[in-house]
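Reader: I would like to read this model feature by feature. Please give me the general idea each time, then the case at hand.

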Amino acid sequence: MAEAIAPYATTVEIRWGDSDMLGHVNNTKFIEYAQEARVRFIGEEFSEGFGPERAIVVRRMEADFERPLFTESGPLTVELAVVAIGRSSFTIRHTMFDSQGKRAGSVDAILVAFDATTNSSRPLADTERAALTKYHAT
């Protein structure tokens, strides 16, 4: 197995409307930031594209909120690492850092390769598995 490269990283902006009445970024926005980073990751790393027979769906998510974020905490750096690869599923850990490099929290997402024409899981394609392996944290 190839050695994993550094985590995939991208920048996500904190928008003015992301804050609650206390001035903190609302916890639900962590999930949105993770999704935004994950969509970029999959779009850039999964070269064969997507369609009804070749989709990726979220099965489960778990968030860990370690410190509050504020509008001025951004932009965020979101690092993605693949923590598990199965036959048809994989787990990505999204770790969020504020503009000062302080860890703010993480989101783990279990994703499943999916065939929308049969409404069932499908095995990961070799190209998908290769893309995931590049970022597999061992």
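Author: Start with the nonpolar core. A nonpolar core is a set of buried Ala, Val, Leu, Ile, Met, Phe, Trp, Tyr and Cys residues joined through side-chain atoms within 4.5 Å. Buried means under 20% relative accessible area, exposed over 50%, and partly exposed in between, with a 1.4 Å probe and protein chains only. Here the largest such core has 29 residues. Phe 41, Phe 46 and Phe 90 have the most contacts inside this core. This is a predicted model, where local features need pLDDT of at least 70 and side-chain atom pairs count only at pLDDT 80 or more, while totals for chains, interfaces and linings use all residues. Residues are numbered from 1 along each chain as its sequence is written, and side-chain values use heavy atoms, with hydrogens and water left out.

Reader: Which elements supply at least two residues of this core each?

Author: Elements come from DSSP runs: helices are H or I of at least four residues, strands are E of at least two, and both are numbered from the N terminus. S1, H1, S3, S4, S5 and H2 each give the core at least two residues. H1 provides the largest share, six residues.

Reader: Which residues of H1 are buried?

Author: They are Lys 29, Phe 30, Tyr 33, Ala 34, Ala 37, Arg 38, Phe 41, Ile 42 and Glu 45. Their cover includes S1, S2, strand S3 (76-85), S4, strand S5 (103-115) and H2. Read cover through contact, which means heavy atoms within 4.5 Å.

Reader: How does the span of H1 compare with what its 19 residues should give?

Author: The expected span of a helix is 1.5 Å times one less than its number of residues. The 19 residues of H1 should therefore span 27 Å. The end C-alpha atoms are 28 Å apart, which agrees.

Reader: Now the rings. What describes a pair of them?

Author: Two values describe a pair of aromatic rings: the distance of the centres and the angle of the planes. Rings of Phe, Tyr and Trp (its six-membered ring) pair if their centres lie within 6.5 Å; planes under 30 degrees apart count as stacked, over 60 as edge-to-face, and the rest as tilted. This structure holds six aromatic pairs. One of them joins Phe 46 and Phe 90: a tilted pair, 6.2 Å centre to centre, with 50° between the planes. The pair links distant parts of the chain, 44 residues apart. Phe 46 lies in the loop between H1 and strand S2 (55-65), and Phe 90 in strand S4 (residues 89-97).

Reader: Are Phe 46 and Phe 90 buried or exposed?

Author: Phe 46 counts as buried because its relative accessibility is 5%. Phe 90 is buried too, at 1%. Ring pairs also link Tyr 8, Phe 41, Phe 46, Phe 90 and Tyr 135 into a cluster.

Reader: What is Phe 46 in contact with, leaving aside its neighbours within four places in sequence?

Author: Phe 41, Ile 56, Phe 90, Glu 128, Ala 131 and Leu 132.

Reader: Glu 128 is on that list. Where is Glu 128 placed?

Author: Glu 128 sits in helix H2 (residues 126-134). With 1% relative accessibility, Glu 128 is buried. Its side chain reaches the backbone nitrogen of Ala 125 at 2.7 Å. Not counting residues up to four places away in sequence, Glu 128 touches Phe 46, Phe 50, Arg 54, Ile 56 and Arg 122.

Reader: What does the side chain of Lys 134 make a polar contact with?

Author: A polar contact is a pair of N or O atoms within 3.5 Å; within protein, one must be able to donate a hydrogen and the other to accept it, and residues adjacent in sequence count only if both atoms are side-chain atoms. Lys 134, also in helix H2, makes one with the side chain of Glu 45 at 2.8 Å. The C-alpha atoms of Lys 134 and Glu 45 are separated by 9.5 Å, with the residues 89 apart along the chain. Lys 134 is partly exposed, at 36%.

Reader: How many salt bridges does a search of the whole structure find?

Author: A salt bridge is a side-chain nitrogen of Lys or Arg within 4 Å of a carboxyl oxygen of Asp or Glu. The search finds twelve. Among them, Asp 18 meets Arg 15 at 3.6 Å, N to O. Asp 18 is buried at 3%, whereas Arg 15 is partly exposed at 33%. Arg 15 also bridges to Glu 32, with the closest N and O atoms 3.7 Å apart. That pair links distant parts of the chain: Glu 32 is in helix H1 (residues 27-45), Arg 15 in the loop between strand S1 (8-12) and H1, 17 residues apart.
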